[in-house]
Amino acid sequence: MKNKVGLAFVLLIIVVFCSACGYRIKHQNAPGELIVCFGDSITLGYGAERQEAYPVILEKILKVPVINAGIDSDTTTEALKRVGSDVLGRNPRLVVIEMGNNDFLRRVPLEITLNNMRAIVDRIQEKKIMVAIMDISLGIVLDEYKTEYYKIAKEKGAIFIPSVMGEIITTPSLKSDTIHPNAKGYRMIAEKTAQVLRPYLKARK
C-alpha cells in the first residue's frame, strides 16, 4: 500500500512539473554567447534614446551581450530577407523575435504574417539556435496574433514572451506616442523579457 501511495505521489509531482513547463524548448544548449533582439521599431527603441531601448536594458539585467537588430517600420516579409545578415551572421545563442505590428498596420493578411514567422523561426533553428517569440498584442488589439504566435512557439519549441505591451498601451505615462513606449515603458519590456528568458539561459550544461 505504501508503495502505491509513493508511486501516486511521484506521478503527481511529474504531472505538476510538466504542466509548469508547458512544452520543451529547443536548443537550450546552443553554443553562442549573445542574444539578438530581432524586430521593428519596438525593438529599435523608437520614442526613446538609443541607450533606453529594451535590448540595451536587457543586456544590463541579464549581463549577457545583446545586439539590437530592430528596424523601424519593418515587416515580417522584410525581416525574413535579413535573417542571414542580421541574425545568423552574429552566431547568437538566443534570438528574440518581435515582429508583426507593421504587417497589421499595412493590412497584410494574417496567414502571410504567420507563414513568415514560421519561416524566420525555421531558419534560425536550423542553425541550432534558441528562439523566443514576443507577444505583440496591444491589450485586446492584435489578440488573434497573440493566440497564433503562441501556437507557433509551442509548435516550434520556442520560448513565448507574453503581454509585454499590455500595460504600456493603456498607460500614457509609459508611452512616447499612441503606440511606442518611452524609456519607462522600454524598461518594463526588458524586465518582463528578462524574467521569462533567465531560466533558459541558465539551463545550459
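S163 sits in the loop between β5 (159–161) and α9 (166–169), where helices (H or I, at least four residues) and strands (E, at least two) are DSSP runs numbered from the N terminus. S163 is not a glycine, yet its phi is positive, at about 50°. This is a predicted model, in which local features need pLDDT of at least 70, side-chain atom pairs count only at pLDDT 80 or more, and totals for chains, interfaces and linings use all residues. Residues are numbered from 1 along each chain as its sequence is written, and side-chain values use heavy atoms, with hydrogens and water left out.

**Backbone: positive phi**
- Most residues other than glycine have a negative phi.
- S163 has a relative accessible area of 29%, so it counts as partly exposed; buried means under 20%, exposed over 50%, and partly exposed in between (1.4 Å probe, protein chains only).
- K128 is another non-glycine residue with a positive phi, here about 60°.
- The loop between α7 and β4 (130–134) holds K128, which is exposed with a relative accessible area of 52%.

**The chain as a whole**
- The protein chain has 10 helices and 5 strands.
- Of its 205 residues, 46% count as buried.
- Among contacts in the protein chain with a separation of 6 or more, 78% join residues 24 or more positions apart; contact means heavy atoms within 4.5 Å.

**Nonpolar core**
- The largest nonpolar core has 59 residues, and F38, V96, I124 and L197 touch the most other members.
- Such a core is a set of buried Ala, Val, Leu, Ile, Met, Phe, Trp, Tyr and Cys residues joined through side-chain atoms within 4.5 Å.
- Helix α10 supplies the largest share of this core, 7 residues.
- Not counting residues up to four places away in sequence, I124 touches V83, V87, L88, V95, I97, I129 and V131.

**Helix packing: α3 with α10**
- Two packed helices are described by the angle between their axes and the distance between the axes.
- Helix α3 (residues 54–62) and helix α10 (residues 183–201) have axes that come within 9 Å and cross at roughly 45°; axes are lines fitted to C-alpha atoms, for helices over the stretch in contact, and angles run from 0 to 180 degrees between N-to-C directions.
- That angle makes α3 oblique to α10, on a scale where under 35 degrees is roughly parallel, over 145 roughly antiparallel, 65 to 115 roughly perpendicular and the rest oblique.
- On the α3 side the contact includes Y54, I57 and L58, and on the α10 side Y186, R187 and I189 are among the residues involved.
- By type, the contact of α3 with α10 has 11 nonpolar, 1 polar and 3 charged residues; Ala, Val, Leu, Ile, Met, Phe, Trp, Tyr, Cys and Pro count as nonpolar, Asp, Glu, Lys and Arg as charged, and the others, Gly among them, as polar.

**Helix packing: α7 with α8**
- The axes of helix α7 (residues 110–125) and helix α8 (residues 143–156) come within 11 Å and cross at roughly 30°, and the two helices are therefore roughly parallel to each other.
- Residues of α7 including L110, T113 and L114 meet residues of α8 including E144, Y145 and E148.
- The contact of α7 with α8 divides into 7 nonpolar, 2 polar and 6 charged residues.

**A69 in strand β2**
- A69 belongs to strand β2 (residues 66–70) and counts as buried at 5% relative accessibility.
- Beyond its neighbours within four places in sequence, A69 is in contact with V36, C37, F38, G39, T43, R82, D86 and R90.
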